[in-house]
Amino acid sequence: MDTLSYKTQSATPATIEKKWVVIDATDLVLGRLCSEVAKILRGKNKPSFTPNMDMGDNVIIVNADKVILNGDKMSKREYLRYTGYPGGQRSFTPGDLMKKSYGVTVKGKHPLFIKVVKGMLPKTKLGAKQLTNLHVFNGPDHPFGDKNPEVLDLKK
């Protein structure tokens, strides 16, 4: 038996191929959409997945303002943040983050999607690097047309 055929193939920076993917968030549930996006950002959808390499694709989400949350989670769900000072616990809802997304100075950085997807990625430097490959826009337009992104339909 040839034991060389059983070697595990690990990806290297030279063998990684990154693509650009566009996802339309219209009428998709936020958590289900973000879990698929986290898989794509990590590269778990690729057969050559290597956990210690940034081999995920770049993801562009359009129509982020048309995403839905089931029930009344848009106003009742609370996210907590702590400033580090006494009495510094702050709470905010997904509705607050949606309103905040219209005034974001850095285009493509939607606070609600960043919060949700960040919780689904590793809490390491690699997870922070993978999060920079996420670009979210409230409208149907995005500035990455020159990258020839392929459209991924998550509705089926």
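How many bridges join strand 2 to strand 5? The answer is three, and the two strands run parallel. The legends below describe close-up views of a predicted model.

**View 1. Strand 2 and its partner strands.** Strand 2 covers residues 58-62. On one flank, strand 1 (residues 20-24) pairs with strand 2 in the parallel sense, over five bridges. Strand 5 (residues 134-136) is also joined to strand 2, by three bridges. Val59 shows both pairings. Val21 stands opposite Val59. In strand 5, Leu134 is the bridge partner of Val59. Strand 1 and strand 2 also belong to a right-handed β-α-β unit, with helix 1 (residues 30-42) as its helix.

**View 2. Strand 2 is buried on both faces.** Asn58, Ile60 and Val62 are on one side of the strand. Val59 and Ile61 are on the other. Every one of these residues is buried, and both faces are covered. Because five of the five residues of strand 2 are buried, the strand is largely enclosed by the rest of the structure.

**View 3. Helix 3 has a buried face.** Helix 3 spans residues 94-101, and its buried residues are Pro94, Gly95, Leu97, Met98 and Ser101. Seen down the helix axis, these residues fall within an arc of 160°, so they line one face of the helix. Lys99 and Lys100 are on the other side, and both are exposed. What do the buried residues of helix 3 pack against? Their partners are helix 2 (73-76), strand 3 (79-82), strand 4 (89-92) and helix 4 (111-118).

**View 4. The largest pocket and its lining.** The space in this pocket is about 230 Å³. Which residues line the largest pocket? Val29, Leu30, Gly31 and Arg32 do, together with Leu69, Asn70, Lys73, Arg77 and Tyr79. Lys115, Val116 and Met120 complete the lining. Helix 1 gives the largest share, three residues. Helix 1 and helix 4 each supply at least two residues of the lining.

View 5. Ser48 has 37% relative accessibility, so it counts as partly exposed. Leaving aside neighbours within four places in sequence, Ser48 is in contact with Ala11 and Met55. Ile16 is 32 residues from Ser48 along the chain, and the C-alpha atoms of the two are separated by 8.8 Å.

**View 6. Gln130, in helix 5.** Helix 5 covers residues 125-131 and includes Gln130. Is Gln130 buried or exposed? Gln130 counts as buried, because its relative accessibility is 1% and the cut-off for buried is under 20%. Its contacts, leaving aside neighbours within four places in sequence, are Leu41, Arg42, Met53, Asp54, Leu121 and Pro122.

View 7. Not counting residues up to four places away in sequence, Val104 touches Lys109 and Pro111. Gly139 is 35 residues from Val104 along the chain. The C-alpha atoms of Val104 and Gly139 are separated by 14 Å.

Methods. Residues are numbered from 1 along each chain as its sequence is written. This is a predicted model: local features need pLDDT of at least 70, side-chain atom pairs count only at pLDDT 80 or more; totals for chains, interfaces and linings use all residues. Side-chain values use heavy atoms; hydrogens and water are left out. Buried means under 20% relative accessible area, exposed over 50%, partly exposed in between (1.4 Å probe, protein chains only). Helices (H or I, at least four residues) and strands (E, at least two) are DSSP runs, numbered from the N terminus. The arc is that of the directions from the helix axis to the C-beta atoms. Contact means heavy atoms within 4.5 Å. Two strands pair if DSSP finds at least two bridges between them. A crossover is right-handed if, with the strands pointing away from the viewer, the path from the first strand over the helix to the second runs clockwise. On a 1 Å grid over the protein atoms alone, a cavity is a set of points where a 1.4 Å probe fits but cannot get out, and a pocket is an open set with protein on both sides within 12 Å along at least five of seven lines; lining residues have an atom within 4 Å of a point. Grid points are joined across faces, edges and corners, and a volume is the space filled by probe spheres set on the points.
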